[in-house]
Structures are given as C-alpha cells and as structure tokens.
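Hi,

Here is the structure I promised to pass on. Have a look at it first, and my notes come after.

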Amino acid sequence: SISDLPQGFKVGTSWISFTPQEANFPSRMNVTLIALDEPTDKFALAFTKNAFPGAPIRVGKQRRDQPLLQAIVVNNKISNVCPGGGGGDGGVADAELVCAAVAKQLNLPSGNFVLPSSTGVIGWRLPFQAVIDAVPSVLKTMQSTSILPAAAGIITTDRYPKIRASSIGGGKIVGIAKGAGMIEPNLATMLVYLLTDLAVPREVLREWLPEVVSGSFNCIWTC
C-alpha cells in the first residue's frame, strides 16, 4: 500500500533501445512519465546548486515561475549534461523537443506544461527522437494505482527503488527518489518527486520545500 498513488496522478514507463552516437554499442533507456489529470499551479521545485547544471535543470528553472504544470518526463541512462551536437545549446533544445512531444500526446497547450528530468552518463547526447518515439508506448502503460513503476524506472546505480508515503488530513503524500552517493552539492544528480492530493497553496509549498530539503537531503555528505 505504500506505493499507492494519490488521487489525480498516473504514471507509466517504457524501455527503449538505442545506440549512442558517442559509443557504438547498443544501450537501453527507461522513459517514465508522471502526469496529473488536470494542470496545477500548486507546485514547487528545488534544484542542485551546481554552477554548471545540465539542460533539464536549466529548463526546469525556466518553468519554476510559470502558472501551470501537468507532467514530468524522466529518462535514465543519459543525463543530458555537456552533450555534443545539438547546436551548442547544451541539450536544451533536445529536452524541449521531448517536452513538446509529450505535451502533444497528452493534448496539452504546449511543452511548457511538461518538466524534463534526465540522469545517467555525462557527455552523451540525449537520443531525443528515440525518446519521442517511445512516448506512445509509455502512454499505453499509464495507470493510477501504483508509483512503483516510476520508482523503478528512474534508478541508475541504485540497488532498489526508493518509495516513502504518508497519509494525513484525508489525503496522501508519496515520494520517490534515485541517487546513490550522488548528493553533493545539494541534490547533485539526485531525482526526487513528491506527489500529494492535499490542497496545499503554491506559496506554502514554496516556503516549505527549501526548508525540508535543507534539513534532509542537503544534510547528507558522501566521501
């Protein structure tokens, strides 16, 4: 029961095969989608303090103050950090192409309603067309019962999926995370998603999130 999704959320995942242009051997990647039934203005975002973040972080920071979000698209295997090619924009255009494709499949007004996340190898270009082509397969797996497929889909070097949940005030909070020894500086390459059907105002979420992260993930040191 710990993996039960809060009301209004659904998740789906799909594996794809591709050959990275930087290494001539077959690889596999998981594409995960976390989506709301309706867009929401009740969201808050926290990012690594790394001074040289990857494309998903840069895009996410642009999304932080917009009115609405409705979905998160996540891929493992490639982090979209310092990739080659793509016009020299550091992978931003590739991330935006994936967001736009997800938005189109979900009948959303634009890719701005979708938040991108990537984790994995640094320096390889995201196979954005393979990811885009996988979106219909991901949508076929969407379900509103369990977050476990998403928790398993986002891991890289983790030994097992990480899920925590709490029921409170007639609603539920469920969280998933990935990252094993990859938490500095302040979240570093960790991916963490907290979902809730509690009606918490946007300004309260944005006040609480930095405080909670500072007292938890950002207190962890590795060596």
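First, the ground rules. This is a predicted model, so local features need pLDDT of at least 70 and side-chain atom pairs count only at pLDDT 80 or more, while totals for chains, interfaces and linings use all residues. Residues are numbered from 1 along each chain as its sequence is written, and side-chain values use heavy atoms, with hydrogens and water left out.

The protein chain has five helices and seven strands (DSSP runs, H or I of at least four residues for helices and E of at least two for strands, numbered from the N terminus). Along the sequence they come in the order β-β-α-β-α-β-α-α-β-β-β-α. The radius of gyration, taken over C-alpha atoms, is 17 Å, which agrees with the value near 17 Å for a compact globule of 223 residues (the rule being 2.2 Å times the number of residues to the power 0.38). The C-alpha trace spans about 50 × 40 × 35 Å along its principal axes.

Of the 223 residues, 46% are buried (under 20% relative accessible area, with exposed meaning over 50% and partly exposed in between; 1.4 Å probe, protein chains only). Among contacts (heavy atoms within 4.5 Å) with a separation of 6 or more, 73% are between residues 24 or more positions apart.

Now the inside. Not counting residues up to four places away in sequence, Val114 touches Arg63, Leu69, Ala71, Val73, Cys99, Val102, Ala103 and Leu108.

Beyond its neighbours within four places in sequence, Asp94 is in contact with Arg125, Leu126 and Phe128. Ala199, in the loop between strand 7 (191–196) and helix 5 (202–214), counts as exposed at 71% relative accessibility. Its C-alpha atom is 8.9 Å from that of Gly171, 28 residues away along the chain.

Cheers
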